[in-house]
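Me: I would like to learn how to read a structure feature by feature. Can we take one model and go through it in turn?

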Amino acid sequence: MDLHLYNTESKTKEIVRPRHGDTILMYTCGPTIYNFAHIGNFRTYVFEDLLRRVIQFFGFKINQAMNLTDIDDKTIKGAVQNGVTLKEFTDPFKKAFFEDLKTLNIQPVEHYPPATAFIPQMLQIIETLLKKGIAYKSNGSVYYSIEKFPTYGRLSHLCMDELIINASGDNNADEYEKDNLSDFVLWKAYDSERDGQIYWESPYGKGRPGWHIECSAMAMDILGSSIDIHCGGVDNMFPHHENEIAQSEGCSGHKFVQHWVHVEHLLVDHKKMSKSLGNFYTLRDLLIQGYTGQEVRYLLLSCHYRSQLNFTFPSLLAARASLRRIEDLIVRLRSIEMHGQNNKHIYDTLNSAEKSFKEALSDDINISAALATLFDLIRDLNTFCDQEAIGRQEAAAALKLFEQWDQVLGVLPLHKKEEIPNDLLEFLHKREVARKAKNFSVSDQMREAIFSRGYLIEDTPNGARLKRK
Ligand code: AMP
Ligand code: ZN
């Protein structure tokens with residue numbers, strides 16, 4: 001079965017195939033580490049994690065880079081305003097980002113390049129673009145001449161004839177809209193008021209790279225000049241990814257990215273969740289309110305990546321309810337003691353679910369259909385349990401399928417620690433007290449009471465604890 005993914009550039013679903021052996025080369029635009037990432041950002045990163053897992057599920061290896069934007073207008077402004085170095089300013093946000101990735105069970109990727117470690121590679125690209133006459137210098141800055149790249153606009157499907165190139169706009173900004181289309185900056189001349197003590201030396205004088213050149217340099221240095229998949233949120237499509245294509249292809253002379261994948265926005269009250277609008281929740285905001293990383297991951301994951309998702313608290317509660325439903329079945333399957341019945345009907349149900357789940361993923365990661373398959377199976381398995389038609393072997397086969405699916409979803413409640421009933425913990429405590437007082441009849445009584453409820457006492461160097469028999 002082939003994996004099909006929608007390609008923003010061709011506007012069609014295309015088969016994903018590695019062009020370098022059996023390894024998919026994937027670049028994903030990472031966070032700007034000037035603040036805590038919000039759950040809108042994490043919608044994109046959770047999807048990218050799903051994509052990475054799906055690629056592996058379809059049998060490919062993956063080599064992925066996610067950059068850390070530590071040089072841009074916002075990080076420099078933050079460092080200057082706080083009177084600290086760029087590293088001092090960005091380090092805590094970088095640390096928080098990795099903690100959040102863990103909370104959301106996002107797999108670590110192979111490379112996390114920070115822009116500050118790739119300045120020589122950026123200068124190298126700028127030099128090549130200058131030599132080719134695609135870039136030009138002006139007052140200590142270097143600009144990309146978009147007229148020199150005939151296919152400029154092909155990713156975001158801009159009709160260049162209809163757009164007026166606005167030479168009078170601020171062509172130094174990292175982010176801008178289509179109506180401010182202009183030559184964009186590759187190297188920004190140093191401005192002491194704006195940049196404080198933050199600058200790098202270059203053949204054009206002191207300054208700093210533009211945001212777009214950072215991703216071209218890191219992607220090409222780590223993954224090569226021709227990569228399989230490039231991913232980011234839809235707001236990255238223009239100008240960021242458009243400019244990445246222009247820079248990378250202008251430099252290498254050949255196609256930069258085979259497959260462009262863009263994730264739709266997470267909204268709040270039907271507006272994009274963003275720091276500038278102030279309508280955002282960080283992951284930490286939600287954890288403080290008692291939600292778990294697993295619940296947030298489930299919510300962000302459960303909507304198709306090309307549809308907008310409106311964030312609400314009832315939808316987060318619905319995610320919690322879905323996870324409980326899955327967990328209830330898992331607990332039920334694990335507690336089956338009856339021998340297998342060789343129920344062919346159950347194996348047929350499992351096989352057909354396995355096929356439907358993979359088919360759903362193969363179709364542009366149709367997560368809604370994949371989750372529908374999961375819940376249909378849960379309903380069927382519950383019915384088998386009600387009818388006492390399912391034995392240990394069939395239950396184990398079902399649990400194995402859930403384990404396999406969780407390689408992709410990373411969210412199923414399969415590894416939850418079992419909660420020990422409070423009264424048994426009380427019995428354990430009484431046993432400890434009785435033993436210390438050498439009151440062995442009470443301590444034996446407590447042990448018997450615990451045993452009769454299906455638990456064993458394990459004496460460890462850190463004290464006694466309970467374990468299921
Ligand atoms: P930034 O830190 O602003 O560079 O954004 C990091 C990533 O999050 C980029 O891929 C953005 O496209 C993505 N992103 C930002 N806001 C949202 C949102 N509301 N929904 C989904 N993705 C977003
Ligand atoms: Zn980028």
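Reply: We start with a term: helices and strands are DSSP runs, of at least four and at least two residues respectively, numbered from the N terminus. This is a predicted model. An example of reading by those labels is glycine 21, which lies in the loop between strand 2 (12–15) and strand 3 (23–28).

Me: Is glycine 21 buried or exposed?

Reply: The term exposed applies over 50% relative accessible area, and buried applies under 20%. Glycine 21 has a relative accessible area of 65%, so it is exposed.

Me: How many helices and strands does the chain have, and what share of its residues is buried?

Reply: There are 15 helices and 15 strands in the chain. Of its 469 residues, 51% are buried. Along the principal axes, the C-alpha atoms fill a box of roughly 90 × 55 × 45 Å.

Me: How do I read a metal site? Which residues coordinate the zinc ion (ligand 2)?

Reply: Look for N, O and S atoms within 2.8 Å of the metal, and keep in mind that water is not among the atoms, so a site may look incomplete. Here Cys29 (SG), Cys215 (SG) and His240 (NE2) coordinate the zinc ion (ligand 2) at 2.1 to 2.2 Å. The spacing of these donor residues in sequence is C-x185-C-x24-H. Cysteine 215 belongs to helix 6 (residues 211–223) and histidine 240 to helix 7 (residues 237–252), so the pair, 25 residues apart, links distant parts of the chain.

Me: Are cysteine 215 and histidine 240 buried or exposed?

Reply: Cysteine 215 is buried, because its relative accessible area is 1%. Histidine 240 also counts as buried, at 0% relative accessibility.

Me: Where are the polar contacts of ligand 1?

Reply: An N or O atom in the side chain of threonine 32 is 3.0 Å from an oxygen atom of ligand 1. Asparagine 41 places a polar side-chain atom 3.1 Å from an oxygen atom of ligand 1. For leucine 266 the contact is through the backbone: an N or O atom there lies 2.8 Å from a nitrogen atom of ligand 1. Taken alone, ligand 1 exposes 500 Å², and the protein buries 93% of that. Ligand 1 sits in the largest pocket.

Me: Which backbone angles deserve a second look?

Reply: Most residues other than glycine have a negative phi, and most peptide bonds are trans. The peptide bond from phenylalanine 238 to proline 239 is cis, with omega near 0°, and proline 239 is found in helix 7. Asparagine 139 has a positive phi, near 45°, in the loop between strand 5 (135–138) and strand 6 (141–144). With a relative accessible area of 75%, asparagine 139 is exposed. Histidine 157 has a positive phi too, near 55°, and lies in the loop between strand 6 and strand 7 (184–189). Its relative accessible area is 37%, so histidine 157 is partly exposed.

Methods
Residues are numbered from 1 along each chain as its sequence is written. Chains are lettered from A and ligands numbered from 1 in the order in which they are written. This is a predicted model: local features need pLDDT of at least 70, side-chain atom pairs count only at pLDDT 80 or more; totals for chains, interfaces and linings use all residues. Side-chain values use heavy atoms; hydrogens and water are left out. Donors are N, O and S atoms within 2.8 Å of the metal (3.2 Å for Na, K and Ca); water is not among the atoms, so sites may look incomplete. Buried means under 20% relative accessible area, exposed over 50%, partly exposed in between (1.4 Å probe, protein chains only). A polar contact is a pair of N or O atoms within 3.5 Å; within protein, one must be able to donate a hydrogen and the other to accept it, and residues adjacent in sequence count only if both atoms are side-chain atoms. Accessible areas come from the Shrake-Rupley method with a 1.4 Å probe; for residues, only the protein chains shown count as cover. On a 1 Å grid over the protein atoms alone, a cavity is a set of points where a 1.4 Å probe fits but cannot get out, and a pocket is an open set with protein on both sides within 12 Å along at least five of seven lines; lining residues have an atom within 4 Å of a point. A molecule sits in a cavity or pocket if more than half of its atoms lie within 2 Å of its grid points.
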